[in-house]
Amino acid sequence: MGLMTGQEYIESLRRLHTKVYLFGKRVENFVDHPIIRPSINSVAMTYDLALDPQYQDIMLAVSNLTGKTINRFCHLHQNEQDLINKVRMQRLLGQKTGACFQRCVGMDAFNAVYSTTFEVDQKYHTNYHQNFIAFMKEVQEKDLTVDGAMTDPKGDRSLSPGKQKDPDMYLHVVEKNTKGIYVTGAKAHQTGAVNSHEHLIMPTVAMGENDKEYAVSFAIPSDAEGIKMIYGRQSCDTRKLEKSGGMDCGNCRFGGQEALVVFEHVFVPWERVFLCEEYEFAGVLVERFAGYHRQSYGGCKTGVGDVLIGAAAVAAEYNGVQKASHIKDKLIEMIQLNETMYSCGIACSVLGTQTAAGNYQIDNLLANVCKQNVTRFPYEIARLAEDIAGGLMVTMPSEEDFNSPETAEICRKYFKGSADADTVERMKILRLIENMTLGSAAVGYRTESMHGAGSPQAQRIMINRQGKLEEKKKLAKVIAGISSEPDK
């Protein structure tokens, strides 16, 4: 099949029988539902840009498995340049959509599972790695969108998976036979789950022997028997139900999505299983995936940040304050913060190293520093954007008031900004800022920046573990004359 177009991707979703629930009811046609469709449009952009000649250097790659040209979202990184191009690609898509484009999680899962299955096979002489290679060839050949599913509901977070009162708080194996396994549980906060063709399941925490039934990884079609998805609410999401392409939704064309994916005694054939009870590798897989995904945030969030910075600059012009020194200083600060996040994403890529399986892993310390910055900087960029935009961003009337014979003239008169700015265009840019800082896009730009790929404390634990503090203490002691060591 090769590379798909965005429209072909959309049509491929129509052929699925995915069970989606929204507002308590089954959505029979989720592809055209006005709340869901913007997120599908974002994924479609990952396909269309891959076919645009001006972006093919970063959107396409050559598969190490087949030698064919594939979408980079289906690629196993072969060198440091692949890691760099990944971050460049994510920034580009953030710029083009102003929202989450949802294929990053699957891409990061591919690379983590690939290297981990190789090492599991080396120890236990299993066939997981070959199973995974066969799956990857299918993904690449069909240009599939895959949801990388790691996060479980977790229940009581003070307890391990095996000690939960309800065993389904972590997805687990409930039955095995000669043909495959059966699993029950759920994956929460699943970005792009409804829009994916397949799900690549991974454990979510390091595990001990008492947790081995939870140490499971596999691939499953989105519409497999026993899977249902409950679509997550986003702030201001019902604005998408209003006038199509209207002013009030802020970004009517693109968006993100999350869902709870429920598994009710779901069968997985052995050839689709990549880990089953080899519990000591659960933590390895989690750490590798987390590293890749923390790198990702240095790309996607900076692309979205570019849009927000641009919107703030336009708002300043429409407000007539673009020449004010404090406005210029705030825009400079926003750019500096944004580029710092991007720098970390690039840095951890440049220092990537080859795994035993042959694909490339980022520098884990710098990836965690990258994500730690992302837990903070988008909030400050958003604060500065709100500062520049002004209070009208959240107090303006609806688009209907700008069109009503009774109120239109009043609104256009009293909400006028600069003499050169069209009043309605001024409202549109303010609605975009609202969408990105407080509305539906804020899910991806703010809260996801905080908790996606692990909450802030998770990165701090990794930074402490990998920061080589003892080596730094030795350096200081030598310089201070407290101790000495031979020159190297």
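In strand β11, the bridge partner of I230 is L260, and this pair belongs to the antiparallel contact of strand β10 (residues 227–231) with β11 (residues 258–269), which runs over five bridges. Strands here are DSSP runs of E with at least two residues, helices are runs of H or I with at least four, and both are numbered from the N terminus. Two strands are taken to pair if DSSP finds at least two bridges between them. The model is a predicted one, in which local features need pLDDT of at least 70 and side-chain atom pairs count only at pLDDT 80 or more, while totals for chains, interfaces and linings use all residues. Residues are numbered from 1 along each chain as its sequence is written, and side-chain values use heavy atoms, with hydrogens and water left out.

Buried means a relative accessible area under 20%, exposed means over 50%, and partly exposed lies in between (1.4 Å probe, protein chains only). Strand β10 also pairs with β1, this time in the parallel sense and over two bridges; here M229 of β10 is the bridge partner of V20. Strand β1 (residues 20–22) in turn pairs with β2 in the antiparallel sense, again over two bridges, with Y21 opposite R26 of β2.

These strands belong to an open sheet of six, with mixed pairing and the order β2-β1-β10-β11-β7-β6. Its edges are formed by β2 (25–26) and β6 (172–176); each has a single partner strand, so one side of each is left without a neighbour in the sheet. As a reminder, strands of a sheet pair through backbone hydrogen bonds, either parallel or antiparallel.

Further strand pairing involves β9 (residues 216–221), a mostly covered strand in which five of six residues are buried. Strand β8 (residues 198–201) pairs with β9 in the antiparallel sense over four bridges, and H199 has I220 of β9 as its bridge partner. The pairing of β9 with β12 (residues 273–276) is also antiparallel and covers three bridges; in it, F218 stands opposite V273.

Strand β7 (residues 180–191) of the six-stranded sheet contains T191. The UniProt record, an unreviewed entry, places a "binding site" feature at T191; UniProt positions follow the numbering used here, feature names are shortened, and annotations may be inferred rather than shown by experiment. T191 is buried, at a relative accessible area of 10%. Neighbours within four places in sequence aside, its contacts (heavy atoms within 4.5 Å) are C100, Q102, V105, D147, Q257, E258 and E448.

S42, in helix α2 (residues 37–48), is buried at 0% relative accessibility. Its side chain reaches the backbone oxygen of G255 at 2.9 Å. Such a polar contact is a pair of N or O atoms within 3.5 Å; within protein, one must be able to donate a hydrogen and the other to accept it, and residues adjacent in sequence count only if both atoms are side-chain atoms. Beyond neighbours within four places in sequence, S42 is in contact with T97, A99, C100, F101, Q102, F254 and G255.

The structure holds one disulfide, defined as a pair of cysteine sulfur atoms within 2.5 Å. It joins C249 and C252, with the sulfur atoms 1.7 Å apart, and is left-handed, at -135 degrees about the S-S bond. C249 counts as buried at 10% relative accessibility, while C252 is partly exposed at 25%. C344 is in no disulfide, the nearest cysteine sulfur being that of C370, 5.3 Å away; C344 is buried, at 15% relative accessibility. C411 is likewise in no disulfide, with the nearest cysteine sulfur, that of C249, 18 Å away, and C411 is buried at 6%.

For residues 283–480, UniProt lists "domain: HpaB/PvcC/4-BUDH C-terminal" in an unreviewed entry. Over this stretch the chain is 76% helix and 2% strand, with the end C-alpha atoms 39 Å apart. Helix α14 (residues 423–437) has 15 residues and should span 21 Å at 1.5 Å a residue, which agrees with end C-alpha atoms 21 Å apart; the expected span is 1.5 Å times one less than the number of residues. Of the 15 residues of α14, 13 are buried, leaving the helix mostly covered. D422 caps the N-terminal end of α14, with a side-chain oxygen 3.0 Å from the backbone nitrogen of V424.
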